[in-house]
Amino acid sequence: MKIKITKLALGLALIFFFSCESMLDQNPQGIVASDELNAPDKVEQMIIAAYSFCGQNNFNKQMGMPYAEGSCRGGEAYKGGAGTNDLAEQNLWETFTYMEPTTTGELDNLWWVHYVAVGRVHDALRRVQNLSEEEFPLKKQRIAELRFLRGHIYMYMKLCFKFFPYIDENTPEEEYDKISNDELSNEELWQKLIDDFRYGVENLPEKQEEVGRPTKYAAEAYLAKALLFSAYEQDENHNVININKEKLTEVANLCKDIIDYSGKSLFPDFAQNFLCEYENGQESIWAIQYSANNDGSPTGRLNSWLVCPMNPEYGCCGFLQPSTNMMNRYKTVNGLPDFDNFNSGIRLDNKDAIVSTPSDPRLLHTACVPGLPWKYDPDFIMEKSWVRQPEVYGYTMSQKLIVLPDCPCFRKTNPFMGAALNWDVLRLDEVMLWRAEALIQLGTGLDEALTLINKIRERAANSTGRLKFSDGSPTGNFSVEPYKPGINCPAWNKDFAFKALQWERHLEFSTEGKWFFDLVRWGIAEEFMNEYFEVEKTRYTYLKDAKFTKGRDEYFPIPQQQISYVKGIYKQNPGY
């Protein structure tokens, strides 16, 4: 079962959320006195309250999958919605050109909400640390869980802003607005995250009775991610200047331990990762737990508020529309990606092209177009009327975050709707590709990397059972083959293997909010994004001024509201 969010925990959640005027003002007011929360049973509830905020689901302060930050900014999807003025700041994120520190109201919300979350972790952490192991036998484990949550929250800040004020449970409250975001170097900030996850590896159990609590293997996976990202060392202008082999070696070893001993395995069908009935299943390593009003709250903790189509069964709001570029990347030639010519000729943004053109079936697990079945239901066909602003963004819709409207985990909350579908922060498929990447970059395990990548591709090839029309015919011309060096692809050397790895990550995780951050850590964001804009602006005029500026656009600006709040002690990111 999921971690129970009791009425006390929910009450604490509401106290914390609505009583915070500054980013870390976390003093409960009016319902439960602070010293009454120091008993072991109440401390346990404080820990659950910290978990609950990681699923905080206000539509513009959501701590869910960063699809706008990682997918729209990476060219995987257009913002969508009711045109460029709907959540207009995200249009600036997507096009980069007019992004300024003073146009960051939405980023200010996200900065604030992540610090509210980390403040809740610290409140619980201080209370746990003040208990003895005799009165609280799970002390070390709960500390490890809280430090894991802190690492998860700060990972968002690290990927989006690069530099942020590092505040921990020992920081006096009166010092919060005196700590700058440049007190720690880039490497030192990464080390803080690494230390938290390493503590989790050392103190978390291999299994947890309650899903949602991280295990040792979840900590190993997040540690591997932090080491992998930090291994691509950057200078002050975000150029990758070195790849740290020692860190990559540890990444490879951590991922091997997870693959060999965690008991996790790939689902036989890629679709199972995006269906409520399979959540917390064999491939999930750690997921944010969402719920549909079975937790004592009126509507539950819902995910994916804004990405549903505009048909009556849903109703709002049409965001995250897959890009033509991204959909074209699923084209195949002899079962392999069409590396050189994917974005010319036929466009995979319409039914006729998809039905006839050889492609990877992961396309139709990720996106839908009019005339094709919606979310694996052959009798529920997407129509053009479902799309909110086709004259701006075309007729594509994303599917991974969405469930069918008759699913028990779907809820309408007026005027929005969402689902209790979990967000898998860590999955085995990603761990496998992290190990493959580390082995390729190290140059010591190219053959094993080939095997790992091919396992992902073989699963993709077998993931067609749900992709059917009502007469049983396939919804696409599916063609996926493993890489066979010297037969269907060139020699499996380091350069070609890394190219294949990058494509596989794109195909496997598209619209899951990861791609832009990959581009930045590899140091290829400018090249990729400006090539994307060169073609895509000829298809959609709203992108006509879009341009990525190297040395600036790899990270968001620090919101001016936050700089003003601390009287200017934060250092602005380069180029803003």
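## Exercises on rings and a buried threonine

Trp 93, Trp 111, Tyr 115, Tyr 154, Phe 161, Phe 164, Tyr 166, Phe 556 and Tyr 570 make up one aromatic cluster. Rings of Phe, Tyr and Trp (its six-membered ring) pair if their centres lie within 6.5 Å; planes under 30 degrees apart count as stacked, over 60 as edge-to-face and the rest as tilted.

This is a predicted model: local features need pLDDT of at least 70, side-chain atom pairs count only at pLDDT 80 or more, and totals for chains, interfaces and linings use all residues. Residues are numbered from 1 along each chain as its sequence is written, and side-chain values use heavy atoms, leaving out hydrogens and water.

**Exercise 1.** Classify the aromatic pair of Tyr 314 and Phe 410.

*Solution.* Start with the total: the structure holds 37 aromatic pairs. Next, check burial (under 20% relative accessible area is buried, over 50% exposed, in between partly exposed; 1.4 Å probe, protein chains only). Tyr 314 is buried at 1% relative accessibility, and Phe 410 is buried at 8%.

**Exercise 2.** Describe the surroundings of Thr 104.

*Solution.* Then list its contacts (heavy atoms within 4.5 Å). Leaving aside residues up to four places away in sequence, Thr 104 touches Glu 89, Met 99, Pro 557, Pro 559, Gln 560 and Gln 561.

**Exercise 3.** Find what sits over the ring of Phe 509.

*Solution.* Apply the rule: NZ of Lys or CZ of Arg must be within 6 Å of the ring centre and within 35 degrees of the ring normal. The charged end of Lys 514 sits over this ring, 5.6 Å from the centre.
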